[in-house]
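Please read it alongside the sequence and the coordinates.

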Amino acid sequence: MVLLGNDEFLTELTKLFQKARSAGSVTMTMKRYDGRTKPEPRDGRPAVKNPKYKCLIRAQSKSKKISTVVEQMDVEKFSTAYCNLLKMSVNGLKRLKKPKKKAVMTQ
């Protein structure tokens with residue numbers, strides 16, 4: 001998995017959306033991240049005191065995986081850019097056809 005900067009992540013995500021437009025899908029995950037790369041010790045002491053939480057965002061399309069870490073102070077700027085990217089990229093969705101139900105005759 002490739003860890004990218006926020007702007008690089010958005011440009012690569014745009015490329016993933018364009019490749020997946022014809023065939024395929026893009027899976028996105030977001031979760032809280034406290035910056036730890038090692039597990040906490042078993043004696044119960046926290047490894048990091050007063051962690052500053054971040055947001056870890058991952059995207060996957062077929063075999064390509066990318067990720068980024070968004071700091072607290074950059075969340076608003078990143079989310080605005082991300083929402084604009086989604087508005088531009090998700091406009092080509094196809095409408096699903098619902099199967100018609102047969103009328104049931106009761107006697």
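## Strand pairing

Ile-57 stands opposite Thr-68 in strand 4, and the two strands concerned, strand 3 and strand 4, run antiparallel and are joined by seven bridges; two strands are taken to pair if DSSP finds at least two bridges between them, while helices (H or I, at least four residues) and strands (E, at least two) are DSSP runs numbered from the N terminus. This is a predicted model, in which local features need pLDDT of at least 70 and side-chain atom pairs count only at pLDDT 80 or more, whereas totals for chains, interfaces and linings use all residues. Residues are numbered from 1 along each chain as its sequence is written, and side-chain values use heavy atoms, with hydrogens and water left out.

The hairpin of strand 3 and strand 4 has two residues between the strands, and Lys-62 takes a positive phi near 50 degrees there. Strand 2 is likewise joined to strand 3 (residues 54-61) by seven bridges, in an antiparallel arrangement, with Tyr-33 opposite Lys-54. Strand 1, by contrast, pairs with strand 4 in the parallel sense over three bridges, and Leu-3 stands opposite Ser-67 in strand 4.

Together the four strands form an open sheet of order 1-4-3-2 with mixed pairing. Because strand 1 (2-4) and strand 2 (27-33) each have a single partner strand, they stand at the edges, and one side of each is left without a neighbour in the sheet. Neighbouring strands are turned against each other by 25 degrees on average, direction ignored. Helix 1 (residues 6-22) packs on this sheet and touches strand 1, strand 2, strand 3 and strand 4 (64-70), its direction making about 145 degrees with that of strand 4; contact means heavy atoms within 4.5 Å, and axes are lines fitted to C-alpha atoms, for helices over the stretch in contact, with angles running from 0 to 180 degrees between N-to-C directions.

## Asn-6 in helix 1

Asn-6 belongs to helix 1 and counts as buried because its relative accessibility is 19%, where buried means under 20% relative accessible area, exposed over 50% and partly exposed in between (1.4 Å probe, protein chains only). Leaving aside residues up to four places away in sequence, Asn-6 touches Thr-68, Val-69, Val-70, Asp-74 and Phe-78. With the side chain of Thr-68, the side chain of Asn-6 makes a polar contact of 2.8 Å, a term for a pair of N or O atoms within 3.5 Å of which, within protein, one must be able to donate a hydrogen and the other to accept it, residues adjacent in sequence counting only if both atoms are side-chain atoms.
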